[in-house]
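Me: Hi, could you walk me through this one? I'd like to start with the ligand.

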Amino acid sequence: MSHPSVYPVPASAAKRSLLTNEQYMQMYQQSVSAPDTFWAEHGKRLHWFTPFTKVKNTSFDSGKLNINWFSDGILNASYNCLDRHLPQRADQVAYFWEGDSPDAQKTVTYAELHQQVCKLANGMKELGVGKGDRVTIYLPMIPEATVALLACARIGAVHSVVFAGFSPDALGSRIVDCDSKLVITADQALRGSRVTNLKDNTDMALGHLGETSPVQNVIVVKHVGKNVDMQAGKDGRDVWYHDLLSRQSADCPAEPMSAEDPLFILYTSGSTGKPKGVLHTTGGYMVWASMTHQYVFDYHDGDVYWCAADIGWVTGHTYIVYGPLANGASSVLFEGVPNYPSVKRMAQIVDKYKVNILYTAPTAIRALMAHGDAPVEGAALTSLRTLGSVGEPINPEAWNWYHEKFGKGNCPIVDTWWQTETGGILITPLPGCTELKPGSATRPFFGVQPAIVDNDGKELSGACEGNLVIKDSWPGQMRSIYGDHDRFEQTYFSTYPGLYFTGDGAKRDADGYYWLTGRVDDVLNISGHRLGTAEIESCLVAHDAVAEAAVVGYPHDIKGQGIYVYVTPRVGIEPGAELTKALRDWVREEISPIATPDLIQWAPTGLPKTRSGKIMRRILRKIAANEHDQLGDISTLADPSVVETLVNNRLNRK
Ligand code: WTA
């Protein structure tokens, strides 16, 4: 069946929309031509203990890099998410928690959330944690995770959430990098009935760190009920969450924070080196989180909203915690996975809570789509009004399937482009304003000035394709890499001086719509999760059997990109199925199951290199993509015969 390439705004969406397309255009113009006036107005959506008088003070210029927003304002993120709603919303549900098993659920009201946050905040103070201290959070998708983030924000501690799927080593290195005093974890996590031993992992991480561990205490949530080792006693390291909270007062005034005080660190992969601690501050981030949540989803008071991401990723920070709570929303918080106990789970949750707004990732949509109509059979899905997509480009087939099967052809899909670094959505349709083109993230949000440059940094005009940059600052932008401001400048502002470089490629069509084409650097996007090829390579070469390894992405039907690995074994090592399996397990355990290689090709005769010894990744990508007939010029290689061997033994022959 053929599908239209443009979808007009449905009448129902236009009718309910906060804005018309003309208003969007006008507001956008104002936001870029008079940013101070625009953001002075929209900054008021938060509650400020001391209102700001300064608005935008930013420069991307070389040598003068400076990003400050609302800098003399004083506020608290947790106050904005909780206290100021209590007069009207004390008994309103903040979270409908849906457990991994369909039988497990509970609701948390704004009053209950506020109370728990105050108690945990007081408990953290009892343990000696205060303003500016770092706290690592390693929790499953349970209400306590949202409590933990907000309790940090309440006392001005800086949270660093580590995804519960990460290994002890990945956890340990993130703890050390930001020098965390405290870890908040749980006995176990459950996802699709699979168990992860979070407390054991934490013990292992801290055990490996030994004397160098900065951690003084570990707070443990009893979630699944498993017996875990507690290093208790009088000066013990480990405390149960419920014991700690049971002795705290529910009164904890929110710490007054400067707009530019850090709110959180979140580690993400780059093209080189170890993961970067992306640092976000309080005022600008909160304005961005709440404003984008409202306009991008056309959120109205009373809507039931479900962002199916994990709190371990930035999408969870901004669109499960800070954005929706700042707007007083009722959200679904889901512990499990879309295909457990069956592929109907997502549709069942939508019906169960009468979800109006659903925000998920293309990889989940593709995984369901592979089951035909089964995922939506028997479901009404009549509550849905807006659908969202995030994390990677959404292919038109998946877009159309989502639109028809979940949206019944009547719900706009907002394909939202953004990054950990951007704090919130930058390029996106607005449901009641923007005509949609499947596969396009469409147009910039207020205040965002995207541009496309060629490899020399020359800005291209009209319809074009190249590297996506942003020309000026927006309030939600990251401020630094924790502990390494030079790397921040180097990574984002040195490739194209004066411009923020996203690392993404993009096309712009004649209507000014943006089409993201994927990373142009050595970052992979596996099921919407970011991984650096360098990270996986250094993990592989740490294995005894490996002399050299190169990692590239290749097109994968469900995951968007799969991980293709070329390995040269050490002299005397015989590669085979057993070793292949051992290497897969190695990466899975050292980094995370997300990083597990899909295909491992042995390259005993070596990798293609230039005469100066640089691995030619362009060639490896082509072979992995099964495009070995388009290798281009290989005459500059030190030994062209290596390529022939690799092509002959290639693994992706689709
Ligand atoms: C990719 C996730 C195309 C992109 C919020 C970006 C997308 C990286 C989209 C950031 C989209 C995210 N269309 N590509 N709608 N959304 N990406 O930091 O390559 O985990 O640079 O943030 O995901 O991933 P991150």
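Reply: A residue is near a molecule or strand if one of its heavy atoms lies within 4 Å of it. This is a predicted model, where local features need pLDDT of at least 70 and side-chain atom pairs count only at pLDDT 80 or more, while totals for chains, interfaces and linings use all residues. Residues are numbered from 1 along each chain as its sequence is written, and side-chain values use heavy atoms, with hydrogens and water left out.

Me: Great, which residues come nearest the ligand?
Reply: There are 17 residues around the ligand, and Asp415, Thr416, Thr420, Asp504 and Arg530 come nearest.

Me: And which polar backbone atom is 2.7 Å from a nitrogen atom of the ligand?
Reply: That one belongs to Thr416. It is a polar contact, meaning a pair of N or O atoms within 3.5 Å; within protein, one must be able to donate a hydrogen and the other to accept it, and residues adjacent in sequence count only if both atoms are side-chain atoms. An N or O atom in the side chain of Gln419 is 2.9 Å from a ligand oxygen, and for Asn525 a polar side-chain atom lies 3.3 Å from an oxygen atom of the ligand.

Me: How much of the ligand does the protein bury?
Reply: The protein buries 96% of the 530 Å² that the ligand exposes when taken alone. Those areas come from the Shrake-Rupley method with a 1.4 Å probe; for residues, only the protein chains shown count as cover.

Me: Switching to Thr422, is it buried or exposed?
Reply: Thr422 is buried, because its relative accessibility is 0% (buried means under 20% relative accessible area, exposed over 50%, partly exposed in between, with a 1.4 Å probe and protein chains only). A polar atom of the Thr422 side chain lies 2.8 Å from the backbone oxygen of Gly424.

Me: OK, new topic: how many residues are in the largest nonpolar core?
Reply: The largest nonpolar core has 155 residues, and Leu113, Leu120, Met124, Ile219, Tyr322 and Phe446 touch the most other members. A nonpolar core is a set of buried Ala, Val, Leu, Ile, Met, Phe, Trp, Tyr and Cys residues joined through side-chain atoms within 4.5 Å. A second, separate core has 31 residues, including Ile365 and Trp401.
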